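Look over the sequence and the fold before reading on.

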Amino acid sequence: MIEKDDVRAAVGAGILTEAQAVSLTALADQRRGARQDLHPGDEPFELFRGFNEIFIVVGLAILATGWVGIVTFGTLSFAENIRGYLVVTSLIGGAVIWLLSEYFVRRRRMVAPAIALSIMFAGNAAYGFISGLGELFMMAQRNYSSVPFPLALATFALLVFWFRFRVPFALAIIALSAFLVSVLIAGNSAGAPATPRDLFLLSADGPFALITLVLGLIVFAVAMAFDMSDPHRVTRRAANGFWLHVIAAPALVNTIALSLLAQDSTASNLFLFAVLAFFALVAIVIDRRSFLIAAIGYIVILSRTIFDGQEAVVMIFALGVFLVLLGARWEKIRSLLMNALPGAIPRHRLPPCV
C-alpha cells in the first residue's frame, strides 16, 4: 500500500509533479471515503461529511435569501429598465456562486455545499436567461412560449458548471431541466396538458408522456454509462450515476404504471406487476437500490391517488413487505441472479457480487 510518505518521496525524486501528487492523494482520499465503513456490496451514498457542511449550507441559504430580497427591493428603483437590472444582478450572483464553488467544491471538496451551490447556480442561470431573453409581459399573462430557449441556455450553463466542478447532483438538475424544456416546447406546439397526469399517460392528448418515457430512457442510459465506467463505485462517476437513476426511475415507472392503470383491467394490472418485477430485476443486476426505491416511491404515491382507500393500503403494505425482504437478502438474491445471467451481458462492467 502506497502511503503519503511514498508520494512525497516520489515528488522529491522527480517521479511525480506536485500537481500529480495532489491529484493522486485526492483520488485516494475520495476512494477511501466512498467505501470506508461500508458493508461489502452496499451502495455508497453521501449528502454531507460533517456538521460543518450543514453549517455552511445554512449560511449559503441565508445569503441567498438576503440576495433575493435585495434584488426584489431593487426592482422598484429600476422599474424603467427592469430587464437590464435583472440581467446584471444575475451576472453578479452567478459570479459569486462560481467563486464560492471554486473554494467549497474544488478546493475543500465539500458535498452538501456543492449540492446547495448547484441549486443556486441553476436558479440564478434560469432567472438570468429568462429575464434577458424571455418576454416578461407575456409571462405575466401566463404565456410561456418564450421560456424554452432561455431555459435551454440555462441548462447549458449548468452543464458548463458541471464540467468545471463535477457535482453529481447537478446532473439531476440538468436532466430535470431538459425534461421541462421538452415539455414546454411540446406545450407550445400541441397545447398545455389538461392535467398533470397527461405528462405520464400515453393515451392522453399530446406527446408529453412519450417525451417523458424517451427522456427517462436516455437518462437511464447515461446513468449506466457512468456506472459501467466505475463498477466498484469508488469515484465520482458512480455518484453521477446515482442521481441520474433517481431521475430516470420515476420517469419510466410512472409513465408505464399510469398508462396501464388507466386501462382498469385485470390483464393490465397483472402486466403492471410484471413490469415492476422487471424493474426490480434490473435494479438488482445493476446493484442500484436508488433506482428501485425511486420507482417504488412513485408507485406508492400513485396507489394513494388512483386506488380506493382499502386497495391503496393493501398495495402499500405489499410493497413495504417486498422492499424489506429484498433489502434483507439483496446480496444473496443478486449473487444467484448474476450467476444465471447469459454470457452476452458484460458482468465485468457491473459491480461484483459479494
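In which helix is Leu210 found? Leu210 is found in helix α9, residues 208–228. Helices (H or I, at least four residues) are DSSP runs, numbered from the N terminus.

This is a predicted model, in which local features need pLDDT of at least 70, side-chain atom pairs count only at pLDDT 80 or more, and totals for chains, interfaces and linings use all residues. Residues are numbered from 1 along each chain as its sequence is written, and side-chain values use heavy atoms, with hydrogens and water left out.

**Helix pairs**

Two packed helices are described by the angle between their axes and the distance between the axes. Here axes are lines fitted to C-alpha atoms over the stretch in contact, and angles run from 0 to 180 degrees between N-to-C directions.

| Pair | Angle | Axes apart |
|---|---|---|
| α4 (residues 82–107) and α7 (residues 148–165) | about 35 degrees | 11 Å |
| α5 (residues 112–133) and α7 | about 145 degrees | 8 Å |

Take α4 with α7. Trp98, Ser101, Glu102, Val105 and Arg106 of α4 touch Val160, Phe161, Arg164 and Phe165 of α7. Contact means heavy atoms within 4.5 Å. These residues divide into 5 nonpolar, 1 polar and 3 charged. Ala, Val, Leu, Ile, Met, Phe, Trp, Tyr, Cys and Pro count as nonpolar, Asp, Glu, Lys and Arg as charged, and the others, Gly among them, as polar.

Now α5 with α7. Residues of α5, including Phe121, Ala125 and Phe129, meet residues of α7, among them Leu153, Ala157 and Phe161. This contact divides into 16 nonpolar, 1 polar and no charged.

**Salt bridges**

Side chains of opposite charge can pair when their charged atoms come close. A salt bridge is a side-chain nitrogen of Lys or Arg within 4 Å of a carboxyl oxygen of Asp or Glu. The whole structure has 5 salt bridges. Glu102 and Arg106 form a salt bridge at 3.8 Å, N to O. Both lie in helix α4, 4 residues apart, about one turn of the helix.

Methods:
Helices (H or I, at least four residues) and strands (E, at least two) are DSSP runs, numbered from the N terminus.
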